[in-house]
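Colleague: I have a model open and would like to go through it with you. Could we take it topic by topic?

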Amino acid sequence: MSRENVMTPAGTAAAEPICLVAPDGTRRHHEPFDAAVADVSDDAVADLYADMVAARRIDTEATALQRQGELALWPPLLGQEAAQVGSARALRQDDFVFTSYRENAVAYCRGVKLEEMLTVWRGNASSGWDPFSVNMATPQIIIGAQTLHATGYAMGIKFDGGDQAAVAYFGDGAVTQGDVNEALAFAASYQAPAVFFCQNNQWAISEPVGLQSRVPIAQRAEGFGMEHVRIDGNDVLASLAATRIALDRARAGDGPTFIEAVTYRMGPHTTADDPTRYRSKDEVEEWSGKDPLKRIEAYLQTRGMAVDGFREAAEHRADEVAEALRAGVTGMADPEWEQVFENVYAEDHAWLRRQREQYGRYLELVEGEGQ
Amino acid sequence: MSTQQSEATGLRTLTFGQSINRGLRAALAEDDKVLVMGEDVGTLGGVFRITDGLQKEFGAQRVLDSPLAESGIVGTAVGLAYRGFRPVVEIQFDGFVYPAFDQIVSQVAKLRYRTRGHVAMPLTIRIPFGGGIGSPEHHSESPEAYFAHTAGLRVVSPSNPQDAYTMIRQSIACDDPVIFFEPKRRYHEKAEVDLEAEADLPLGAARVVVPGDQVTLIAYGPLVKTAIDAATAAADEGVSVEVIDVRSLSPVDFGPLEASVRKTGRVVITHEAGQFAGLGAELAASLTERCFYHLEQPPVRVTGFDIPYPPSKLEQHHLPDLDRILDGVDSVLERTSSLNGAAAGPSAARQGGDA
Ligand SMILES: Cc1ncc(C[n+]2csc(CCOP(=O)(O)OP(=O)(O)O)c2C)c(N)n1
């Protein structure tokens, strides 16, 4: 077996992803998708654009903060703004979102506070926010685990007779995990109101998507009897449309949908990764031609909007976001030692209390720090 | 020593990580049934670069980038072992072994027993483990007790580059499945490694790394170095601490431990994992059974707390360090210690009682 034959899956090119705004800004047409975004005005598109600009700025700023030692690690989403913003803006606030660790734009759209988004990457806490405050679970690092949680949540919605949906975000690498396959089986069996949103960014750290799947990933859903669609993940309108359609289906009781958003991770896997070891410059260059932000600029220009105007407004908002992000992180106090022992159980526990007391005495002894 | 002499005697200055790489390379070269598998182990050379260069040297069929699924990695290794291969699988981080847990404890561990010896499972499962590198959650776990509790598995952990090189080769050569825990925070530590030396100890053997006669201090993996430092600090205060590196966490080589405890009558056991039902509990119970009448004090455990691994800004509170180990040593010496309830004033710890 040569390396090549796993790098180029037979079917990847087969199903042309659905696209509404082409890389050059041209509007393309697709019947059900057009209908799904018929109400989206040019101003609303400019808002989506502004969200993407903000997401990109969060990324740049967090990466800088990591380099300056303010964050321990950062998983950039550069290049994936459209997939995340489009899908997240399709959601209602009472839908519930389960993501992996790269969905910073989704978190932004859900209203997660910027410093809460970074707490975990600074190493201050295992989890930055209260999931119920924004209806979004905190980032999941165990690959694919959250797809089962979303499925269970969706089953709960169905059992309760609610009209919300649960959405799971995951990567192309994740589709190999048993958990994801089990999630698809459960969701299909129970016809749960779930949306599986796979961001196929072509790479799982150093492993190309062809190592995970010999067919387009969306096609996997077929075997589970699940509706599926493959979209251009760098097209924010396509992402919005696909997610709206899937959510409508979920709310109508028609079961789960699998969306594969074909996109690209422009940066490293995390700030600790060195992508030059495994992928070519040409590939990165090719994808930068499909940039999700540039195409919306071009599109809105064709619609007669003044690029300078909406770009300036978006950048102004992004500046504020970046400033708040930096202030939130640099002003963040280190956690107190007692936090080590908190929230292990709902009720106090004698064994752990003893460890805590001993450790308090230890700090008193060696540092005069305990209480 | 000149480079040429070094070449001749096989001596090299290598990091812990490079030593494992050399061990893997030697094993791949010696036996074409040896395979290396795991996420990102090929082109990237592993996220810690432990398998760096191996795919280039041995090809994509000997050093395989696995699809992203740990149960798949270990489960297919079982099939490869049926077929006569000796897979060495890498689990990228300790916290990612759990999806493979079922394959390891239900299949890998039991196949020899279930088949009355017909099927061997010469798998080596490499797991970078433990904390101290400032990682996010699931990247700093110490899951050794789960595996040590499972009959049929060998569980080992080297603590220095020479052992890393020797023990990885012994693990691959072993006809039993071996869980090979690599103390990831030691990956960059260097030492002189003899690549040609015959192994001085069997895979399952414990070793006295610092001789002493007042306290027995038992450690493994990442904490051996900390334990040695603690023994040096204790020596400065006139206390003689014997440090033992357990090396094999299952089965445990109790001989050297027992001999030491009979001599010192005082024992401290340290590990990063939580205390409850951890390795320390087994070692303390077994040594108490074997050496009860030689013990001057109950064995003391200096361990991580019984909590999920904390966020990185708090890990220094969780991980036993030199001072906490010395506090444990004080306790078995009946000096002022947080563990025997004494809450003396600040800085009393290092002044309490006579040696
Ligand atoms: C169970 C598990 N195994 C391994 C890892 C290590 N790991 C973290 S991210 C990653 C790649 C994930 O790729 P993909 O699912 O495509 O998502 P992406 O990072 O590309 O967004 C790996 C192997 C992990 N976090 N969890």
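Colleague: Which residues of chain A does the UniProt annotation "domain: Dehydrogenase E1 component" cover?
Modeller: According to UniProt, in an unreviewed entry, that annotation covers residues 52–323 of chain A. UniProt positions are given here in the numbering used for this model, feature names are shortened, and annotations may be inferred rather than shown by experiment.

Colleague: What should I know about the model itself before we continue?
Modeller: This is a predicted model, in which local features need pLDDT of at least 70 and side-chain atom pairs count only at pLDDT 80 or more, while totals for chains, interfaces and linings use all residues. Residues are numbered from 1 along each chain as its sequence is written, chains are lettered from A and ligands numbered from 1 in the order in which they are written, and side-chain values use heavy atoms, with hydrogens and water left out.

Colleague: How much helix and strand is there over residues 52–323 of chain A?
Modeller: That stretch of chain A is 47% helix and 12% strand, and its end C-alpha atoms are 17 Å apart. Helices (H or I, at least four residues) and strands (E, at least two) are DSSP runs, numbered from the N terminus.

Colleague: And how many helices and strands does chain A have?
Modeller: Chain A has 15 helices and seven strands. Its radius of gyration is 22 Å, close to the 21 Å that the globule rule gives for 371 residues, so chain A is as compact as a globular protein of that length. The radius is taken over C-alpha atoms, and the rule is 2.2 Å times the number of residues to the power 0.38.

Colleague: What share of chain A counts as buried?
Modeller: Of the 371 residues of chain A, 57% count as buried. Buried means under 20% relative accessible area, exposed over 50%, and partly exposed in between, with a 1.4 Å probe and protein chains only.

Colleague: Now chain B. How many helices and strands there?
Modeller: Chain B contains 13 helices and 14 strands. With a radius of gyration of 21 Å, close to the 20 Å given by the globule rule for 355 residues, chain B is as compact as a globular protein of that length. Of those 355 residues, 58% count as buried.

Colleague: What does UniProt place at residues 14–189 of chain B?
Modeller: UniProt, again in an unreviewed entry, places the feature "domain: Transketolase-like pyrimidine-binding" there. Over residues 14–189 chain B is 36% helix and 17% strand, and the end C-alpha atoms are 8 Å apart.

Colleague: Back to single residues. Is Gln146(A) buried or exposed?
Modeller: Gln146(A) counts as buried, because its relative accessibility is 2%. The residue belongs to helix H8 (residues 145–160) of chain A.

Colleague: What is Gln146(A) in contact with?
Modeller: Leaving aside neighbours within four places in sequence, the contacts of Gln146(A) include Phe98(A), Thr99(A), Gln140(A) and Tyr169(A). Contact means heavy atoms within 4.5 Å.

Colleague: And where does Thr63(A) lie?
Modeller: Thr63(A) lies in helix H3 (residues 42–67) of chain A. Thr63(A) is partly exposed, with a relative accessible area of 21%. Not counting residues up to four places away in sequence, Thr63(A) touches Trp74(A) and Thr271(A). The C-alpha atoms of Thr63(A) and Pro75(A), 12 residues apart along the chain, are separated by 8.5 Å.

Colleague: Let us turn to the backbone. What joins Ser250(B) and Pro251(B)?
Modeller: A cis peptide bond joins the two, with omega at about -10 degrees. Pro251(B) is in the loop between strand S12 (248–250) and helix H10 (254–264) of chain B. Most peptide bonds are trans, and most residues other than glycine have a negative phi.

Colleague: What is the phi of Gln202(A)?
Modeller: Gln202(A) is not a glycine, yet has a positive phi of about 80 degrees. The loop that holds Gln202(A) runs between strand S3 (194–200) and strand S4 (203–204) of chain A. Gln202(A) is buried, with a relative accessible area of 15%.

Colleague: And the phi of Arg116(B), what is that?
Modeller: Arg116(B), which is not a glycine either, has a positive phi of about 50 degrees. Arg116(B) is found in the loop between helix H6 (111–114) and strand S5 (124–129) of chain B. At 78% relative accessibility, Arg116(B) counts as exposed.
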